[in-house]
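Hi,

Here is the structure I promised to pass on. Have a look at it first, and my notes follow below.

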Amino acid sequence: MKRVLLCGNSLFVSGLQASLEVAPGLDLQQIEPQADRIRERVKAWKPEVLILETRLLKDNVSLSILQDYPEVRLISLDLDDNRLLVLSGSASEQPTTEELLRVIAA
């Protein structure tokens with residue numbers, strides 16, 4: 001079961017949660033988009049995926065979470081442009097082309 005934490009209280013995030021609930025293998029939780037609440041919930045629940053609206057990226061919340069919890073895959077949703085941005089905190093000391101291709105394909 002993959003844990004997915006949705007951050008936001010917009011109608012879009014609520015609709016996204018309702019859509020994802022029908023997908024098998026996902027355990028979903030939705031929380032308020034406040035930096036302290038997000039960090040607290042990530043620490044306690046240890047989700048594999050964190051979904052938030054792009055405006056939260058400007059608060060540096062996401063970058064600090066990726067540094068502290070590199071195993072979390074962060075998905076940012078841009079409601080204005082209908083775009084999706086995927087960030088990962090995993091790092092490589094000496095990245096290879098194969099590692100880059102693996103990240104691109106993931």
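A definition before anything else: buried means under 20% relative accessible area, exposed means over 50%, and partly exposed lies in between (1.4 Å probe, protein chains only). Bear in mind that this is a predicted model, where local features need pLDDT of at least 70, side-chain atom pairs count only at pLDDT 80 or more, and totals for chains, interfaces and linings use all residues. Residues are numbered from 1 along each chain as its sequence is written, and side-chain values use heavy atoms, with hydrogens and water left out.

Helices (H or I, at least four residues) and strands (E, at least two) are DSSP runs, numbered from the N terminus. In helix α3 (residues 61-68), the buried residues are V61, S62, I65 and L66. They sit on the same side of α3, because they cover an arc of only 130 degrees around the axis, taken from the directions from the helix axis to the C-beta atoms. What do the buried residues of α3 pack against? They pack against α2 (35-45), β3 (49-53), β4 (73-78) and β5 (83-88), with contact meaning heavy atoms within 4.5 Å.

S88 belongs to strand β5 and counts as partly exposed, because its relative accessibility is 39%. Leaving out residues up to four places away in sequence, S88 touches L66, P70 and V72.

Over at the other strands, β1 (residues 2-7) and β2 (residues 26-31) run parallel, joined by six bridges; pairing takes at least two DSSP bridges between two strands. V4 has L28 as its bridge partner in β2.

Cheers
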